[in-house]
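Subject: Structure for you to look at

Hello,

Here is the structure I said I would hand over. Please open it first, and then read the notes below.

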Amino acid sequence: MAETVDSTPCGALIIGGSAGSLDVLLEIFPALRKDIGFPIVLVVHRKASNESLLTDLLKSRTTLEVSEAEEKEFLSPGKVFIAPADYHMLIEEDQSISLDYSEKVNYSRPSIDVTFQSAAEVFREKLVCILLSGSNADGVEGLKSVNNFGGRVVIQNPNTAIMPYMPQQAVLNVEPHLILDSHDMADYINKLNG
Amino acid sequence: MISDAIDNEQVEILLNDVLESHGYDFLEYSHASIKRRIIRLYGLDNFVSFAEFRYTVKTDKQYFKRFLEEITVNVTEMFRDPSFYKSLRNDVLPVLGTYPFIRIWVAGCSTGEEAYSLAIVLKELNLLNKSLIYATDINPSVLDKAKKGMFPLNYLKQYSENYLQSGGLKDFSAYYTANYSLAKFDESLNSKMIFSTHNLVSDHSFNEFQLILCRNVLIYFDKDLQHKVFNLFDSSIEKLGYLALGSKESLEFWPKAKEYKRVKMEKIWRKL
């Protein structure tokens, strides 16, 4: 059903996840092709003190370049940018990264909503956002913005999520482009056009 | 929050009004962040149209106070990034202790948590008596809070943990008295602080310092403005003085960065 829409180029892929999303990421990353033609941004809830743990873990599972995002850095194709612990991450019009230490959103910093919302307007129909497992409702408002600006919304099938609440809330409140089982995610990403 | 309630053009209009009517220049702030703050405030205060919001910001002096407080980010904590404070305690302040007099500028101090943290470390190193901490912010209402030295009691558990991790030597509760929901910090700490408004965008250097601490302020500025502020700091730091930034901030792309040497792994640089 999605074939026609998916031929739209992908300018950026943003993946948001919370509790239970690490397993999915560790399944996705080793299976990604080397010549991904768009930047991948990860916004994952975690403790402020575990700063480089996620970055190190993913680095060991992929040949793609993985780094914690630096402020003012430009998104570039084939690279993975991880929102730093304890900062919100926003995307500017020129596709550079802004970090923000403002109030938590949905008890979270980084908040998935904040990144989804700022990127929605920048990339419009070229944005693909995936929301994974989690136990709060972060990401839902962001996905609404993505929809409003014509981007694609992909939600992990809550039945395959360790913590189904977050994807469930998204499915209830946002019209998704696709609902995917966790083991179909890598294949979907590999087929997106850069 | 409706993320598309105000568009980019309207943000520009509003910020131009603010500059013209109130003299505050936010045009070189990082666009995505400031736009988000504006949309957040618009939603919080239940405005029904951009026109109404614009008119209120432009003409209502009382409301503009609120605008200024909400548009800038005033989230801070004591002993934020304990390893940073450990490095100040072990590597930086003992060096400054060899000077007869220590002048420190906490730029963008917000409600003062970092200034009080610094004063505690200076006190434990027996340096507070010969130190003076200039704590400045663009926003007069946060400075009023900073002067009082009272912080919400429910944050103190976290601050106390940060303090211990940073190499703190005492029982943290010795520094404050609990007063209902607030912790009032010892007056010996702010007796060595001078609070004043200062706008990093438009105001000049006002003294020379051995240490400038400006953490999580520059992330809200665009690159050109960051470089202007680094130049301002450069003209305000003595030779062999230090500049301390937030955990995700860097001197890296500033042309004069090679005149500074990084202190270990922390975001602290020493002027050569």
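What percentage of the 194 residues of chain A count as buried? The value is 61%. Keep in mind that this is a predicted model, and that the values here were computed from it.

Chain A

Chain A holds 7 helices and 9 strands. Its C-alpha trace covers about 40 × 35 × 30 Å along the principal axes. The radius of gyration is 15 Å, which agrees with the value near 16 Å that a compact globule of 194 residues would have. Of the contacts in chain A with a separation of 6 or more, 69% are between residues 24 or more positions apart.

The accessible surface of chain A is about 7,500 Å², and carbon and sulfur atoms account for 50% of that area.

One element to find in chain A is helix 5, residues 140-148. Its buried residues are Val140(A), Gly142(A), Leu143(A), Ser145(A) and Val146(A).

Chain B

Chain B contains 10 helices and 10 strands. Its radius of gyration is 19 Å, close to the 19 Å given by the globule rule for 272 residues, so chain B is as compact as a globular protein of that length. The C-alpha trace of chain B spans about 55 × 50 × 30 Å along its principal axes. Buried residues make up 56% of the 272 in chain B. In chain B, residues 24 or more positions apart supply 76% of the contacts with a separation of 6 or more.

Chain B exposes about 11,900 Å², with 52% of this coming from carbon and sulfur atoms. The chain has 35 positive and 35 negative charges, and their mean positions are 7 Å apart.

Strand 7 of chain B

Why is strand 7 (residues 209-214) of chain B described as largely enclosed by the rest of the structure? The reason is that 6 of the 6 residues of this strand are buried. Strand 7 of chain B pairs with strand 1 (residues 102-107) of chain B in the parallel sense, over 3 bridges. In this pairing, Leu211(B) in strand 7 has Ile104(B) opposite. Strand 7 of chain B also runs parallel to strand 8 (residues 237-245) of chain B, and 5 bridges join them. Here Cys214(B) is opposite Leu245(B) of strand 8.

A loop residue in chain B

Is Ser181(B) buried or exposed? Ser181(B) has a relative accessible area of 52%, over the 50% cut-off, so this residue is exposed. Ser181(B) sits in the loop that links strand 4 (176-179) to strand 5 (182-185) of chain B. Leaving out residues up to four places away in sequence, Ser181(B) touches Phe151(B), Pro152(B) and Leu153(B). Pro152(B) is 29 residues from Ser181(B) along the chain, yet their C-alpha atoms are separated by 6.0 Å.

Regards

Technical notes: Residues numbered from 1 in each chain as written. Chains lettered and ligands numbered in written order. Predicted model: local features only at pLDDT ≥ 70, side-chain atom pairs only at ≥ 80, totals over all residues. Heavy atoms only, no water. Helix = DSSP H or I, 4+ residues; strand = E, 2+ residues; numbered from the N terminus. Rg over C-alpha atoms; globule rule 2.2 N^0.38 Å. Buried < 20%, exposed > 50% of the residue type's maximum accessible area, 1.4 Å probe, protein only. Contact = heavy atoms within 4.5 Å. Areas by Shrake-Rupley, 256 points an atom, 1.4 Å probe, with all protein chains shown as cover. Lys, Arg positive; Asp, Glu negative; His and termini not counted. Charge placed at Lys NZ, Arg CZ, Asp CG, Glu CD. Pairing = 2+ DSSP bridges.
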